[in-house]
Amino acid sequence: MGENLPVFDGERAAELVAELRTAFGSRRTRSYEWRAAQLKALARMINEKEAEIMAALYSDLAKPQLESFLHEVSLTRSACLLALKELKRWMKPEKVSSSLTTFPSSAEIVSEPLGVVLIISAWNYPFILSLDPLIGAIAAGNAVVLKPSEIAPATSSFFARTLPEYLDSSAIRVVEGAVAETTALLEQKWDKIFYTGNGKVGRIVMAAAAKHLTPVVLELGGKSPVVVDSNINLEVTVKRIAVGKWGCNNGQACIAPDYIITTKAFAPKLVDAFKGILEKFYGEDPLESKDLSCIVNSNHFARLTNLLDEDKVYGKIIYGGQRDEKRLKIAPTLLFDVPQDSLIMKEEIFGPLLPIITVDKVEESFDIINSRTKPLAAYIFTKDKNLEEKFVNTVSAGGMLINDTVLHLANPNLPFGGVGDSGIGAYHGKFSFEAFSHKKGVLHRSFGGEAPARYPPYTPQKQRF
Ligand code: NAD
C-alpha cells in the first residue's frame, strides 16, 4: 500500500460498501449477462496473465512452477469455466412438488443473490483461495469486496492492479491490507462474509458478523489424520501421502496430512518406505531441492522449529530435520512415536513435519481421531472394505478420501468445507453458487380452490377436516 494513499479506515470502508450497495441496488449484477461477462473476463485474465500470476506466486512462496500451475492457475481456470458452463442451469428456479395442504398450487425454489459480500482470503494458496470464492459470488449475482492476504503481497498487489482491468469495478473491488484494514471492513454490514484462514481469526470474523446477523462461511484448518492399514500397496500409499504433504506447498496446505496413525507392527515397514521415497523425490540434500516450497516467513519458520525443538519431541526425529533460517527452508521431516500431549500433536502443523503415531489395532485410530477436534480432511489407506466403511461411518471430518490424499478437493461435485472446529459451510462447483445465494421458497396459487374450513367462524365440524 502506497504511503500517500489515505488510510483505509472505517469511514472509507463504509463509503465503499455504500457504493457497492448502489451498484447492487441497480439490479445490474443479477442478470445472466452481467454474471457471464464477469466470469468470461476472469477466465480471459487467467489466460492472458498466466506468466504474471506464476511470478507473483513464486515471489510470495517460492512455489515450484508445476505446483503453481496445477493447484492454483489450472484449478481456478476450471472452476471459472465450469461456472460459465453451468450458470444458466444453476440460476434456473427449481420446480418442486406441491402438497395436499396447499392444493391447488405450484412451488419452486428461486436462487437470489445475497447482496454485498466480503471475501477474506489466506496466503498459502493466495490465487485460488481468492478467486474460487469470487467466482461463486459473481455467479450468484452479488457485489463483492475481495481482501487478499497481506502475507502473499505479490499476489495481493496483482489482484489490486489487474482485477479492475477486467472486471466491473462498480460492483467488484479489491481492498489490500492487514489487520487494521480487515477490521475496518468487518465493522460494516455485509450480506455474507466468506473467510479462509485460521480458527482464531475465524472467531473474530464470526463475532463481527454476529453484530449484523450476517451469515458466514468459515474455511478453517485442523489436524488432518492419515490412517495406514497394513493391507495396502505400500509404495503407492507412501507416494500419495508424500505428494499430499510435501508436494502441496511443503505442508503449508489446509488439507495436507498432519499426522499418520499406523500399527506398531507395521510402522517399521512404513518408515523405511518413506525414507526411500523422500530421497527419491527430494534427493540427499532436500534443502537444495527446487521441488519444495519455502516456509512463508520467519514467524512461521520459528513456529515450526519450536515444534521440533520441544523437549518432548526432541530425539523423535527419524528422518530430515534440517533447516536453513536464512533461506526459510525446512526439510521433509518424519517424527516417530511423539507423545499425544506434545505441542506438535496439539496444534495444526501447517509445514513439512510429519509425526507418526502407533496403535495396537488399526481400528483404535478412529477413537483417537474422534477424541480430537474435527479435522478438515481424514484419510485412510486400506484394501479392507469393511475397515473403509467403518472409517466413513465412524470418523467425523470436513471431507474424506480413501487411498489417496488431497485429491477430493479437485472434484467440484463434492462440497469442500469443514465441520466443527474446521469450519462452517462449504463451496466448490455448484456449492459455491449456493454459498452466495439465498434459496427463496415460492408458492404460487390462483384464486380458485377455496377451502371454507380455513375461515372463521371455526366450528367442530370444520376441525374434523
Ligand atoms: P492469513 O494470515 O493470510 O490470514 C487470513 C486472513 O485473515 C488474511 O486476509 C488476514 O489479513 C486476515 N486476518 C489476520 N488477522 C486478522 C485479525 N486479527 N482480524 C481480522 N482479520 C485478520 O492466513 P492463516 O490464518 O495463516 O492461514 C492458515 C490457516 O488457514 C490454517 O489453519 C489453514 O488450515 C487454514 N486454511 C484453510 C483453508 C480451507 O480452505 N479450509 C485454506 C487455506 C488455509
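Reader: How many bridges join strand β15 to β16, and do the two run parallel or antiparallel?

Author: Start with the general idea. Strands of a sheet pair through backbone hydrogen bonds, either parallel or antiparallel. Now the case here, in a predicted model. Strand β15 (residues 377-381) and β16 run parallel, joined by four bridges.

Reader: Which helix makes a β-α-β unit with β15 and β16?

Author: Helix α13 (residues 385-394) does. The unit formed by β15, α13 and β16 is right-handed.

Reader: Which residues of strand β16 are on the covered face, and which on the uncovered one?

Author: In a regular strand the side chains alternate between the two faces of the sheet. Apply that to β16 (residues 399-402). G399 and L401 make up the covered face. M400 and I402 make up the uncovered one.

Reader: Next, sheet order. What is the order of the open sheet of six strands?

Author: Read β5-β4-β3-β6-β7-β17, with mixed pairing. The edges are β5 (172-174) and β17 (423-424). Each has a single partner strand, so one side of each is left without a neighbour in the sheet.

Reader: In what sense do β7 and β17 pair?

Author: Strand β7 (residues 216-219) pairs with β17 in the antiparallel sense, over two bridges. E219 stands opposite G423 of β17.

Reader: Which strands of the sheet does α8 touch?

Author: α8 packs on the sheet and touches β3 (116-120), β6 (192-196) and β7. The direction of α8 makes about 180 degrees with that of β7.

Reader: Now the other sheet. In what order do the three strands of the antiparallel open sheet come?

Author: The order is β1-β2-β18. β1 (94-96) and β18 (437-444) stand at the edges. Each has a single partner strand, so one side of each has no neighbour in the sheet. From one strand to the next, the twist averages 30 degrees. β1 pairs with strand β2 (residues 106-113) over three bridges, in the antiparallel sense. There, K95 has E108 of β2 as its bridge partner.

Reader: On to helix packing. At what angle do the axes of α3 and α6 cross?

Author: Roughly 150 degrees. The axes of helix α3 (residues 50-61) and helix α6 (residues 153-166) come within 7 Å. From α3, the contact takes E52, I53, A56, L57, S59 and D60. From α6, it takes P153, A154, T155 and F158. These residues divide into six nonpolar, two polar and two charged.

Reader: Is L167 buried or exposed?

Author: L167 has 22, so L167 counts as buried. L167 lies in the loop between α6 and β5. Beyond residues up to four places away in sequence, L167 touches Q38, A41, L42 and I172. Check K40 too: K40 and L167 are 127 residues apart along the chain, yet their C-alpha atoms are separated by 9.5 Å.

Reader: Last, the ligand. Which of the 28 residues around the ligand come nearest?

Author: S149, G197, E219, G221 and C254.

Reader: Which elements give two or more residues to the shell around the ligand?

Author: α7 (179-186) and α8 (199-210). α7 gives the most, with three residues. By class, the residues of the shell divide into 13 nonpolar, eleven polar and four charged.

Key: Residues numbered from 1 in each chain as written. Predicted model: local features only at pLDDT ≥ 70, side-chain atom pairs only at ≥ 80, totals over all residues. Axes fitted to C-alpha atoms, helices over the stretch in contact; angles between N-to-C directions. Contact = placed C-beta atoms within 7 Å. Nonpolar A, V, L, I, M, F, W, Y, C, P; charged D, E, K, R; others polar. Near = placed C-beta within 6 Å. Pairing = 2+ DSSP bridges. Buried ≥ 20, exposed ≤ 12 C-beta atoms within 10 Å, placed from the backbone. Right-handed = clockwise from strand over helix to strand, strands pointing away.
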